[in-house]
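Let's take a walk through this model, starting with its pockets and ending with a couple of ring pairs. Have a viewer open if you can.

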Amino acid sequence: MLSGEEFGALFDTFERTAFRLETLDEYDVEEEREEIARFLAGEGMGPEWTDNPWVRSMTDKGKHVARVHVLQSPLTDYLRYELAAYPGNIKAGESIGIIDQTEQPVTGLPDHDFWLFDDTAVYRMHYTEAGAFIGGELLPPERLPEYQEYRDRALAAAVPFANYWERHHAGGGAPQP
């Protein structure tokens, strides 16, 4: 199982595509705590929110980064915060889709997060009950087709983030606390 910096290094070494399926309503990321508090207080979020440099560091090299977030309404405070950051990720080149199970139940997806890199390696993400990252488990190669199918099913069912946001928030503006 890879954790922290070891897992982070995968984003420097993949060559073409990185896909993430997100399934949690809360992620406990120590580095985000102050930012979440600012968001919930209605404070400005800074320039990284308008064009995410981490995403841009990959897309500027011609790499494709995509995610589908499976969630349920009503959104938790954490999800409102995370979705507020998505426009900056999209501007930086990430493709983001939403599956709101409250509106459109989609079956046949796993109940856990994963990253699929270059269609050659899949990492199942492990978290504590509170949403703190434990590590990414490299799954054996024979599991790859199963996770490619999950990716394809999620992408086919997902609503583009902009469409989801426009339907749920008047004027399509950024989520507010």
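For sorting lining residues, Ala, Val, Leu, Ile, Met, Phe, Trp, Tyr, Cys and Pro count as nonpolar, Asp, Glu, Lys and Arg as charged, and the others, Gly among them, as polar. By that scheme, the lining of the largest pocket splits into 16 nonpolar, 10 charged and 5 polar residues. A pocket here is an open set of points on a 1 Å grid over the protein atoms alone, where a 1.4 Å probe fits and protein lies on both sides within 12 Å along at least five of seven lines; lining residues have an atom within 4 Å of a point.

Some ground rules: this is a predicted model, where local features need pLDDT of at least 70, side-chain atom pairs count only at pLDDT 80 or more, and totals for chains, interfaces and linings use all residues. Numbering runs from 1 along each chain as its sequence is written, and side-chain values use heavy atoms, with hydrogens and water left out.

Back to the largest pocket: its volume is about 1,100 Å³, a volume being the space filled by probe spheres set on the points, which are joined across faces, edges and corners. Of its 31 lining residues, R20, V29, E32, W54 and Y78 are the closest to the centre. Helices (H or I, at least four residues) and strands (E, at least two) are DSSP runs, numbered from the N terminus. The largest share of the lining, 6 residues, comes from α5.

So what does α5 itself look like? It's largely enclosed by the rest of the structure, because 11 of its 15 residues are buried, meaning under 20% relative accessible area with a 1.4 Å probe and protein chains only (exposed is over 50%, partly exposed in between). Y78, L79 and R80 are among the buried ones. α5 also bends by about 25° at A85, with a proline, P87, following within four residues; the bend is the angle between axes fitted to the seven residues ending there and the seven starting there.

Now for the aromatics. The structure holds 24 aromatic pairs: rings of Phe, Tyr and Trp (its six-membered ring) with centres within 6.5 Å, called stacked if the planes are under 30 degrees apart, edge-to-face if over 60 and tilted otherwise. F7 and F133 make a tilted pair, 5.8 Å centre to centre with 55° between the planes. F7 sits in helix α1 and F133 in strand β6, 126 residues apart. F7 counts as buried at 5% relative accessibility, while F133, at 32%, counts as partly exposed.
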